[in-house]
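My entries follow the display.

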Amino acid sequence: MASIKDVATKAGVSTATVSRVINNHPSVSPETRREVHSAMDFLCYAPNRSAIQLNGKCSGLIGVVVPNLINPHFCELVASLEEEARYVGKSLLVKTHQNQPFQDKQLVRALAGMGIEALIWVPTEAESSLSEWLLNTGMNIAIVTQNSRFFNSVSINQERGAETIAEHFIDIGRTRFGFIGQEGVDNRKMSAFCKKTVSYGYCVEKHHRYWIPKGEGENNRGHINSLDNIVDEIMAQEDKINCLFIYNDVAASYVIERLKRKGGNIPLDFAVASFDNTIIAQMMNITSIAQPVNEMGKLAFELINRTEKKDHIDSIALTTRLVVRESSLGMTVTKVS
């Protein structure tokens with residue numbers, strides 16, 4: 001079994017430097033941290049408790065709360081967090097709230113009761129009601145995929161991603177726009193998408209804005225029924241849209257298949273684009289906004305492992321990119337958004 005000395009030798013650094021990496025000390029450069037992580041991977045080294053400075057809460061558990069694990073986007077995020085946890089000898093406790101605020105609140109309180117050291121969270125609006133209580137616990141918290149008014153966060157610019165999709169549709173000559181989103185979840189995407197079309201002299205008509213009730217997770221039968229109804233409505237309208245922005249790859253894959261079954265041609269009749277660029281988008285050739293999930297995981301761990309206290313909230317916004325595929329253009333290209 002590899003030792004901390006073996007890692008230091010492989011990485012060409014001192015054992016003290018390896019220890020600082022394991023304890024996420026801010027003095028270590030990103031380059032050195034990558035070298036040590038690479039050596040840990042090569043040697044299959046996992047830190048033991050003696051390699052970790054134990055101060056304050058030291059359960060070794062990190063709570064992670066996400067909407068669901070049906071969407072591959074959240075699976076990728078958890079996998080990234082799991083990798084970062086392994087580098088510092090921690091373990092994850094993963095829970096899903098299905099976009100239900102009451103369930104979200106219960107899960108966060110339950111995890112705190114289990115003695116977690118920190119919380120990495122994709123919150124519902126329960127964040128606001130829990131903020132004061134969580135701040136009083138002294139627990140380190142990182143909000144991911146969203147910006148936060150209460151805690152340090154790492155997110156992507158959803159608005160810019162939505163604008164990039166609108167620009168892409170206009171670039172390929174589409175002029176009748178549709179949008180599908182989760183009510184109360186994807187409002188910022190819809191708003192940015194609509195504003196961008198207006199800036200070019202077009203608009204997303206109100207009857208071409210379709211909403212899935214919040215809380216209907218991807219594995220919920222009601223979610224499927226809602227999408228079926230939307231597809232039926234799209235196909236029945238006389239002023240049919242010719243491009244459609246869908247809130248994530250899971251929903252986009254289902255809508256594309258349903259449109260095809262009802263005689264719609266993708267992308268000739270309907271150009272389709274979505275969010276997340278998961279394995280689903282890659283396998284089904286769906287144009288999608290790619291998010292830097294691995295970088296998000298790394299930054300989330302940096303936020304929860306900070307020892308210094310700041311008098312301000314750090315909000316990190318990452319850059320997305322649009323990967324254009326057959327669902328809108330019949331070929332694959334990449335645009336930075």
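These are my notes on what I looked up.

I am working with a predicted model, where local features need pLDDT of at least 70, side-chain atom pairs count only at pLDDT 80 or more, and totals for chains, interfaces and linings use all residues. Residues are numbered from 1 along each chain as its sequence is written, and side-chain values use heavy atoms, with hydrogens and water left out.

**Helix contact.** I took H4 (residues 72–87) and H12 (residues 293–304) and found them packed at about 45°, axes 8 Å apart. Axes here are lines fitted to C-alpha atoms, for helices over the stretch in contact, and angles run from 0 to 180 degrees between N-to-C directions. Helices (H or I, at least four residues) and strands (E, at least two) are DSSP runs, numbered from the N terminus. I then listed the contact (heavy atoms within 4.5 Å). H4 contributes His-73, Glu-76, Leu-77, Ser-80, Leu-81, Glu-84 and Ala-85. From H12 I noted Val-293, Asn-294, Met-296, Gly-297, Lys-298, Ala-300 and Phe-301.

**Strand pair.** I checked E1 (residues 61–66) next: five of its six residues are buried, so the strand is largely enclosed by the rest of the structure. Buried means under 20% relative accessible area (1.4 Å probe, protein chains only). E1 pairs with E2 (residues 91–96) in the parallel sense, over six bridges; pairing needs at least two bridges found by DSSP. I found Val-66 opposite Thr-96 of E2.

**Met-235.** I located Met-235 in H9 (residues 221–236). Leu-259 is 24 residues away in sequence and 7.8 Å away in space, C-alpha to C-alpha. Beyond neighbours within four places in sequence, I list Lys-240, Leu-259, Lys-262, Gly-264 and Phe-270 as contacts of Met-235.

Definitions and conventions
Buried means under 20% relative accessible area, exposed over 50%, partly exposed in between (1.4 Å probe, protein chains only).
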